[in-house]
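My plan is to look things up one at a time and jot down what I find.

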Amino acid sequence: MHRWHRPLAVLLLTSTAALTPAQAAEYSRFVADRSHIQFAYRQMGVPSEGRFRKFSVQFVFDPGKPAASRTLIEVDPASAETGVKDVDEELKKDAWFDVRRYPLARFESSQFRALGGGRFEIAGRLTIKGRTRDLTVPMQPRMDGGAIVLEGSFPLKRLEFGVGTGSWSDTATVADDVQVRFRITLNPTS
Amino acid sequence: MKTPYTSTAIALHWLMAVLLFMTFPLGIYMHDLPLSPEKLKLYSYHKWIGVTIFLLACLRMLWRLRHPTPPLPRSMPDWQQKLAKGIHHLFYLLLFLIPLSGWLMSSALGVQTVWFGLIPLPDLVGEDAALGEWLKAAHKALNILLLIGVIVHVAAAVKHHVVDRDDVLARMLPFLK
């Protein structure tokens, strides 16, 4: 008993010394290859999907201190990939994302709120194609190894952001509703 | 006309003929269009008609198994009888294979087929660009074969009516009688 008591005490002491409670629960190092931003939509009733290959994430998340959490996510709309080359090219044009004039879409949080049951809500402002709208995003974190994985989805109306104008504004062809799904993986703040 | 075509067989023949004469030129017209809402619509219409033809082909095959076709005129030379039967069998084969190749092509190219925008068909193959291109070539080749078959089929029907003056066309087109 005595033999392993001392090492245990040392271990406990060093670990409490190394990790203050605040640091232990704060996650901010973005893991790009375990994160994604996808979108789902319908054209002529056909469920279709795509993703953004390029986006940057600044994130500080502390499950115990939602008020201290914040994020800024910037997406390169020119990196939209649907699996259909013609569509990817079309999305860059003026009628869609107009990537020359609006090279970035962004979401900036204003407030994190714990909803209970391990769920959170991020209030913030979403800007696509120069148009800004208030947005509330539900989010469910889970642990994966040492990292925290933040997952959620929310609906958008593409026409509110002027995405798909002119003849493309016909929602019988391409639906107005777009569902965005995200997974953001963060390592603990070192 | 001892054993005429059933009215079901006649209806299926002409219904499919009309659908083919819609979707075939549509397929040629649409594939080179630049991407637009119009193109998405035309592609969907083409696929919806294709799925309809596929289902009608199934129905027609079942009907055909229980209701044999009336015999060809005895006056026809043997080679013509064989050619006529061969082309009819080819049509049955193509009316399955062409829609099937289109359906699989669509899945391989990452676009599910949803009949009338309401009824999704399962993707029998996963996304695979190389397979998609291969199926596209197959779809095209099979359609060229169909076009040749239809030209021979229509030319033969007209020849029977105008030159041979037999009832081969009239039994499929009763108002000619």
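Predicted model: local features only at pLDDT ≥ 70, side-chain atom pairs only at ≥ 80, totals over all residues.

**Entry 1: a residue to start from**

Leaving aside its neighbours within four places in sequence, which residues is A:S167 in contact with? I looked, and the answer is B:S36 and B:P37.

Next I wanted to know where A:S167 sits. I found A:S167 in the loop between strand 10 (147–157) and strand 11 (177–188) of chain A. Buried or exposed, then, with its 11 C-beta neighbours inside 10 Å? A residue counts as exposed with 12 or fewer, so A:S167 is exposed. I also checked A:S167 against A:P63: they are 104 residues apart in sequence, and their C-alpha atoms are 45 Å apart in space.

**Entry 2: where the chains touch**

I then looked up the whole contact between the chains. On the chain B side there are 13 residues, and they are in contact with 14 residues of chain A. Which element gives the most to the chain B side? That's helix 2 (residues 37–66) of chain B, with four residues. I sorted the chain B side by type and got six nonpolar, five polar and two charged residues.

**Entry 3: chain B as a whole**

I went through the elements of chain B and noted four helices and two strands. Starting at the N terminus, I read them as α-α-α-β-β-α. The C-alpha trace of chain B spans about 50 × 25 × 25 Å along its principal axes. Chain B has 177 residues, and 18% of them count as buried. I also looked at contacts in chain B with a separation of 6 or more: 66% of these are between residues 24 or more positions apart.

Reminder from class: packed helices get described by the angle between their axes and the distance between the axes.

First pair: helix 1 (residues 7–30) of chain B and helix 2 of chain B. Their axes are 9 Å apart and the angle is about 155°. Anything over 145 degrees counts as roughly antiparallel, so that's what I wrote down for helix 1 and helix 2 of chain B. Their crossing is left-handed.

Helix 3 of chain B passes helix 4 of chain B in a left-handed crossing. The residues of that contact come to 18 nonpolar, seven polar and one charged.

In soluble globular proteins, nonpolar side chains tend to be buried together. So I went looking for cores. The largest nonpolar core has 29 residues, and A:F61, A:I184 and A:L186 have the most contacts inside it. Several elements of chain A each supply at least two residues of this core, including strand 2 (36–43), helix 3 (85–92) and strand 7 (105–116). Which element gives the largest share? Strand 11 of chain A does, with five residues.

I zoomed in on A:I184. Not counting residues up to four places away in sequence, A:I184 touches A:S35, A:V57, A:F59 and A:L150.

Methods. Residues numbered from 1 in each chain as written. Chains lettered and ligands numbered in written order. Contact = placed C-beta atoms within 7 Å. Nonpolar A, V, L, I, M, F, W, Y, C, P; charged D, E, K, R; others polar. Buried ≥ 20, exposed ≤ 12 C-beta atoms within 10 Å, placed from the backbone. Left-handed = near helix turned anticlockwise from the far one by under 90°. Axes fitted to C-alpha atoms, helices over the stretch in contact; angles between N-to-C directions. Parallel < 35°, antiparallel > 145°, perpendicular 65-115°, else oblique. Core = buried A, V, L, I, M, F, W, Y, C linked by C-beta atoms within 7 Å.
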